[in-house]
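This report looks at how a protein chain surrounds the ligands modelled with it. It takes the ligand surroundings in turn and ends with the chain as a whole.

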Amino acid sequence: MEKVVSGIRPTGNLHLGNYFGAVTSFVKMQEDYDCMFFIADWHSLTTQPKPGDLRRSVKTILAEYLACGIDPEKATIYIQSDVKETLELYLYLNMNAYLGELGRVTTFKEKARKQPNNVNAGLFTYPTLMAADILQHKALKVPVGKDQQQNMEMARKCARRFNNIYGVEFFPEPQDFTYSAKALKIPGLDGSGKMGKSEGNCVYLCDDDKTITNKVKKALTVSGAEVPNSPKPECIENLFTLLEICSAPEVYKFYDERWNDCTIRFGDLKKQLAEDMCNVIRPIRERIMEFSSNDTLLEKIAREGAERARESAAKTLREVREIIGFTPVAR
Ligand code: ADP
Ligand code: TRP
């Protein structure tokens, strides 16, 4: 089976956008590929989180991914900092990565602009750590969002360069991988753009029914169309996209017809959307609560995942050391 690796940054709770845009594809992928999903806690150190916050976020994100259906029986799920082999490969890859190319990475430039007082070396070498995450498992496919394409280009460069320097065909070049045919963009409830943490317009998977209902109630709308079959303004189109995702096809069709014959009542639409959204989120939220309150289970899953990931990385690293010339002097 082909190997898939992907890292998840432990930042905040999962929202509906993360769920439909990314996590559901992970859940499908575990059926068809040898998947390794890990929580990128080393990567999150570039913004210097407080120890308590970091610990909490790692646990939360683990519980949330499991609640969404990532199954430790089917996929390997582990915490990045449990696999020290990554650091060794990170060092080797850094020896062959150049200041110029790392400095040109857009995510680095953006972060450097956002946190001018903390432009640290970890931020600068973020792409080589990501390359080590991937190459240590010799992964072929990496599901990532659009913003990660440049980092993926660096991972391929790292693989090619290593192979060229040592005259080997050792690392395969990992490809970006979009699992779903159409890239889904989940809109927020504030009228325009996508649902996102920094946009502050999210419905979270841990939100209770009341919170969800209130958020939907407050969603931006305009007055109904006066001319039959008019195009929908963005804020209305967004509500329909959410209906399409959360509700039954008949419900979508019903409101679409009401829009087109100019008899739509947004109060009714929102009430229905809130109810259907609660029904989508409720079972996930309940599983999040179950996992979050079971530290023993979370620890077991993380431990077993780490063992499998270490085994895979250690094999690669043994070979890498041999290729580089670190033949043990005393065996
Ligand atoms: P945020 O934008 O809230 O900070 P992240 O950048 O952490 O979210 O997103 C992690 C993944 O979730 C991304 O790779 C992306 O594919 C997916 N994602 C996030 N928001 C959306 C959205 N509104 N629609 C579709 N996918 C999304
Ligand atoms: N850089 C990714 C992000 O910011 C997270 C990540 C770290 C990752 N290592 C990875 C993704 C390896 C895929 C493969 O979202």
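Around ligand 2 there are 13 residues, and those that come nearest are Gly7, Arg9, Tyr126, Asp133 and Gln148. The coordinates belong to a predicted model, and every value below is computed from it.

Gln148, by contrast, places a polar side-chain atom 2.8 Å from a nitrogen atom of ligand 2. On its own, ligand 2 has 360 Å² of accessible area, and the protein covers 94% of that area. Strand S1 (3-8) and helix H7 (126-135) are the elements that give two or more residues to the shell around ligand 2, and the largest share, four residues, comes from H7. By residue class, the shell of ligand 2 holds seven nonpolar, four polar and two charged residues.

Ligand 1 also has 13 residues around it, with His15, Ile186, Lys194, Met195 and Lys197 coming nearest.

| Residue | Part of residue | Atom of ligand 1 | Distance |
|---|---|---|---|
| His15 | N or O atom in the side chain | oxygen | 2.7 Å |
| Gly17 | polar backbone atom | nitrogen | 3.3 Å |
| Lys197 | polar backbone atom | oxygen | 2.7 Å |

For ligand 1, which has 540 Å² of accessible area on its own, the protein covers 75%. The residues of the shell around ligand 1 divide into four nonpolar, six polar and three charged, whereas the corresponding division around ligand 2 is seven nonpolar, four polar and two charged.

Turning to the chain as a whole, the secondary structure comprises 13 helices and five strands, and the C-alpha atoms fill a box of roughly 80 × 45 × 40 Å when taken along the principal axes. The protein chain has 331 residues, of which 47% count as buried, while its accessible surface comes to about 16800 Å², with 52% of that surface belonging to carbon and sulfur atoms. If one considers the contacts between residues at least 6 apart in sequence, 78% of them join residues at least 24 apart.

Notes. Residues are numbered from 1 along each chain as its sequence is written. Chains are lettered from A and ligands numbered from 1 in the order in which they are written. This is a predicted model: local features need pLDDT of at least 70, side-chain atom pairs count only at pLDDT 80 or more; totals for chains, interfaces and linings use all residues. Side-chain values use heavy atoms; hydrogens and water are left out. A residue is near a molecule or strand if one of its heavy atoms lies within 4 Å of it. A polar contact is a pair of N or O atoms within 3.5 Å; within protein, one must be able to donate a hydrogen and the other to accept it, and residues adjacent in sequence count only if both atoms are side-chain atoms. Accessible areas come from the Shrake-Rupley method with a 1.4 Å probe; for residues, only the protein chains shown count as cover. Ala, Val, Leu, Ile, Met, Phe, Trp, Tyr, Cys and Pro count as nonpolar, Asp, Glu, Lys and Arg as charged, and the others, Gly among them, as polar. Buried means under 20% relative accessible area, exposed over 50%, partly exposed in between (1.4 Å probe, protein chains only). Contact means heavy atoms within 4.5 Å.
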